[in-house]
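Take a look at the model below. Then read on for a short tour of some of its charged residues.

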Amino acid sequence: MVQAKTLTEKTISKSNQIIQFNHPVKYRTSEWYTGHGEIVASGDNRSFEVSASYNLKATVKLVNEILNPDNPTLAEIYSRRGRCVAIVDLTVDELYGEAIRYYFEHHEINLEIMPCRAWESDKTPQTVNNLLAFLGKDGCDVSRNEPVLVIGGGVLSDVAGLACALQHRRTPYIMIGTTVVAAIDAGPSPRTCTNGSQFKNSMGVYHPPVLTLVDRTFFRTLDTGHIRNGMAEIIKMAVTDDPVLFELMEEYGSRLLETHFATLEGDEELAEIADEVIYRALFSYMKHEGTNMFETYQDRPHAYGHTWSPRFEPAAKLMHGHAVSIGMAFGASLATEMGWLSTEDRDRIIALCSSIGLSVFHPILEDMDIMLEGQKNMRRKRGEGGLWAPLPTGIGECDFAQEVSSGLLQQAVDKHKTLCVSLPSGGEGKEMYLSDLGLA
C-alpha cells in the first residue's frame, strides 16, 4: 500500500535518494485540506530530510440575509451531514437565536448549539476549554471533517477558531461575522488566539475558517460604538493598500456609521457603497493576510496600527478599534517624522479617524516604558528580524520600519501629542473604553 502513494522515486546521486508522495484522494482526512511531501535520504543510513506542504482554500463571500429560510447557503453545506454543530455569541443568540433555530428546523437539519458570552474579558484559555468540552466526546463529538458553524464577533472568532484548531488537531469551521471587526478582519483571519495577562492575542495558532460569510444585515442591531470600533480595521487597509477605499471612507464614512452600513434608513445607493467598502476592505486584507497564511513573512500591511497597541490596549482598557486608530494616527506622525509621509497625508489620516469618532491620541502613548516594552514584545512576535512596523508612505501605500529607536519614538510621541491637543476633542474618541460598551 505504501507504493500506491509513491509518485516518484529516483536516485539523485550515488548516495542520495528522493521519494515524493502524493496520497490518493480516498484517504483524505477532510475535504477541506490537502497536502504532499517528500523525503530525501543521504544513502549512508545516517540521515534524511523530510519536507511537507499543507494546502488549504479559504473562501470569503458577501451574502445578505443568510438566515432567511429561502437562502440555501447554509442548508447546502449541512443537509448532507444531517446536523450542524454551532457556537453562537450569547448576544447574537438572544437577538437571532429564534431565526437560527427556525432556519435549520425548516431545512430538517439537526442543530446542536452552544451560546457563548464573548466579551474581551472572556478571551481566555478557560473559554477555549469550555468550547472544547462542547465539541469533544462529552459534548457533540464533532467529526474531524465536520465544519463547525461559528456566529458572532471578533472575540468569538478568535476563541472558537482556536478551539476548532485544537479539536482533533484541526477541525474545519465556517465563520459568520456579526460585527464589523469580525466581518472584515477577525472573521476570515487565520490567526486564532486568546489574550495573555499583559499582551493581547499572545497565545494561538493559525487556523482560518474554510468559509467566511459576510452578512451586513447583522449590523443593524449593533450598538453604534461597535460599528465605529470595526471601522478602524477598514481604515487601516485604506491607508496601507487602497486609495479608492480611503476616498470612499472620507466621503461616506459618517453616513455608513449613522446607518449601520445602510441597514438603518439607508437608500439603495448607500447600500451599494456599503457592499463596495466591505468588499474592498476584505479583498485588501486577505490579499496580504490570506496569501501569507502562517506569517512566514512580516511585510504585513494589515498590521498597521497593531505594533504598539497590543501592549497599551489592555493597559488602558481601550476598545480594540480605538487602540488601533491611536496606533494608526501615531504611526502616521512617526512616518512624517521619518520623512516617509507628507504632513498633508498625515492630516488626512488623522482627520478620517476623527470624523467618525475614533481616538487618535491617548496619554498612555507618553509612557515610554509601555511603548518600549510593546516594541520588545512585537520583535519577539515578529521573529526577532526586526520590528517591521507598517507605516504609511502615502494614501494607499506603506513600507516597514525595521527599527524605531527610543529617541525617535519619544520625538514622534511629543510631536503627535502637540498635533492632537489642538483638535477639538484633544484626540479622544467616542465610546473608547471597554466599559463604555459594557465589555470590561
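This report covers a domain, a charged patch and a set of salt bridges.

## The domain

This is a predicted model. For residues 230-363, an unreviewed UniProt entry gives the feature "domain: 3-dehydroquinate synthase C-terminal". That span is 66% helix and 0% strand. Its end C-alpha atoms lie 22 Å apart.

## A negative patch

Four residues form a negative surface patch: Glu251, Glu268, Glu269 and Glu272. Helix 8, residues 268-289, supplies the largest share of the patch, 3 residues.

Take Glu268, which is found in helix 8. Is Glu268 buried or exposed? Its relative accessibility is 63%. The cut-off for exposed is over 50%, so Glu268 counts as exposed.

## Glu289 and its partners

The whole structure holds 27 salt bridges. One of them pairs Glu289 with Arg191. Their closest N and O atoms are 2.7 Å apart. This pair links distant parts of the chain. Glu289 sits in helix 8, while Arg191 sits in strand 10 (residues 191-194). The two are 98 residues apart.

How covered are these partners? Glu289 has a relative accessible area of 1%, so Glu289 is buried. Arg191 has 23% relative accessibility, so Arg191 counts as partly exposed.

Salt bridges with shared partners join Arg191, Glu289, Glu295 and Arg300 into one network.

## A bridge from helix 8 to a loop

Which residue meets Asp275 in a salt bridge? The partner is Arg216, with an N to O distance of 2.7 Å. Asp275 belongs to helix 8, and Arg216 to the loop between strand 12 (211-214) and helix 6 (224-240), so the bridge ties together parts that are 59 residues apart in sequence.

The two side chains belong to residues with their own accessibility values. Asp275 is partly exposed, with a relative accessible area of 26%. Arg216 has 8% relative accessibility, so Arg216 counts as buried.

## Helix 8 in review

Helix 8 contributes to the negative patch. Helix 8 also holds Glu289, a partner of Arg191, and Asp275, the partner of Arg216.

Conventions:
Residues are numbered from 1 along each chain as its sequence is written. This is a predicted model: local features need pLDDT of at least 70, side-chain atom pairs count only at pLDDT 80 or more; totals for chains, interfaces and linings use all residues. Side-chain values use heavy atoms; hydrogens and water are left out. UniProt positions are given in the numbering used here, feature names are shortened, and annotations may be inferred rather than shown by experiment. Helices (H or I, at least four residues) and strands (E, at least two) are DSSP runs, numbered from the N terminus. Patches are made of residues with over 30% relative accessible area and no salt bridge: like charges are joined within 9 Å, nonpolar side chains (Val, Leu, Ile, Met, Phe, Trp, Tyr) within 5 Å. Accessible areas come from the Shrake-Rupley method with a 1.4 Å probe; for residues, only the protein chains shown count as cover. A salt bridge is a side-chain nitrogen of Lys or Arg within 4 Å of a carboxyl oxygen of Asp or Glu. Lys and Arg count as positive and Asp and Glu as negative; His and the chain ends are not counted. The place of a charge is taken as NZ of Lys, CZ of Arg, CG of Asp or CD of Glu. Buried means under 20% relative accessible area, exposed over 50%, partly exposed in between (1.4 Å probe, protein chains only).
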